[in-house]
Amino acid sequence: MAKILIYNNDTDRMETYYRGEAEPMPYNTNGTLRVREFRGSSKSNILWTTKRTMQSWNSQRYIYGGPIPVGFAFKRPYEGGHGNQSQHYAGTAFDVGQTLSNAQRTRLWNSANNSQIWSFVEPISLTPTWVHFDKRFGKPACPTGGFPLLRRGSLSNYVLIAQDDLNTLGYRTGGLDGIFGAATQNAVISYQKSRGLTADGIVGCNTWRSLQENVVGTGATNTTIN
């Protein structure tokens, strides 16, 4: 049984669901995306994504008109497997089509690229054996892209990434809920002070880079929330 945290982009609220591995993801229609497919190789008991990501999947599945095998979707930062500010850690990205033929994969890529559903579809020249698309949102904190700036009052799946990082590194946020409250702000300030960063309690470009560099792929710790 997985605990699934969903950022509802329409209501600006976090929602919590509990689903078995064979059950559809929240907001999924017609059972085209099961929890085990979204989980992929992640071993986490807690997963997260957004309502719009699920709705985009529904639309993509309808447009393509057939099953879309999912190779990789969600990962927690400490599990690694992707770049330091990958949208897979936000639960908004899919790497799909690994078991399709080249012709089927090209058709899938074309349908995703032409659909205007996704925020980003990776060029097919960079993903010759899979198709990557994601539903990222927010202005990146770094000029090169990545996660958005977070501060007190922020609420989203990106806050979950920051909280996950901080707790894994021993800076307790009082929970893993996607809500940037006082405890999360204090944890950010403590972390920034320990790393010689500007201690403003804001997760901007430098703090994101530092957090992810220190967490991605390192494994869970005794302070990680699971």
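Before the sheet, one definition: two strands count as paired if DSSP finds at least two bridges between them. Strands themselves are DSSP runs of E with at least two residues, helices are runs of H or I with at least four, and both are numbered from the N terminus.

What you have is a predicted model, where local features need pLDDT of at least 70, side-chain atom pairs count only at pLDDT 80 or more, and totals for chains, interfaces and linings use all residues. Residues are numbered from 1 along each chain as its sequence is written, and side-chain values use heavy atoms, with hydrogens and water left out.

Now the sheet. Four strands make an open sheet, ordered β4-β5-β7-β6, with antiparallel pairing. Its edge strands, β4 (70–72) and β6 (120–121), each pair on one side only. Between β4 and β5 (residues 93–96) there are two bridges, and Val 70 stands opposite Val 96 in β5.

Axes are lines fitted to C-alpha atoms, for helices over the stretch in contact, and angles run from 0 to 180 degrees between N-to-C directions. Helix α2 (residues 51–64) lies across β4, β5 and β7, at about 35° to β5. Helix α3 (residues 102–115) lies across β5, β6 and β7, at about 20° to β7.

Next, β3. Strand β1 (residues 2–8) pairs with β3 in the parallel sense over five bridges, with Ile 6 opposite Thr 49. Is β3 buried or exposed? Five of the five residues of β3 (residues 46–50) are buried, so the strand is largely enclosed by the rest of the structure. Buried means under 20% relative accessible area, exposed over 50%, and partly exposed in between, with a 1.4 Å probe and protein chains only. Ile 46, Trp 48 and Thr 50 point one way from β3, and Leu 47 and Thr 49 the other.

Ser 156 sits in the loop between β7 (131–134) and α4 (157–168). Ser 156 counts as buried because its relative accessibility is 6%. Leaving aside residues up to four places away in sequence, Ser 156 touches Tyr 7, Met 14, Phe 137, Leu 150 and Gly 178.

Note on methods: Contact means heavy atoms within 4.5 Å.
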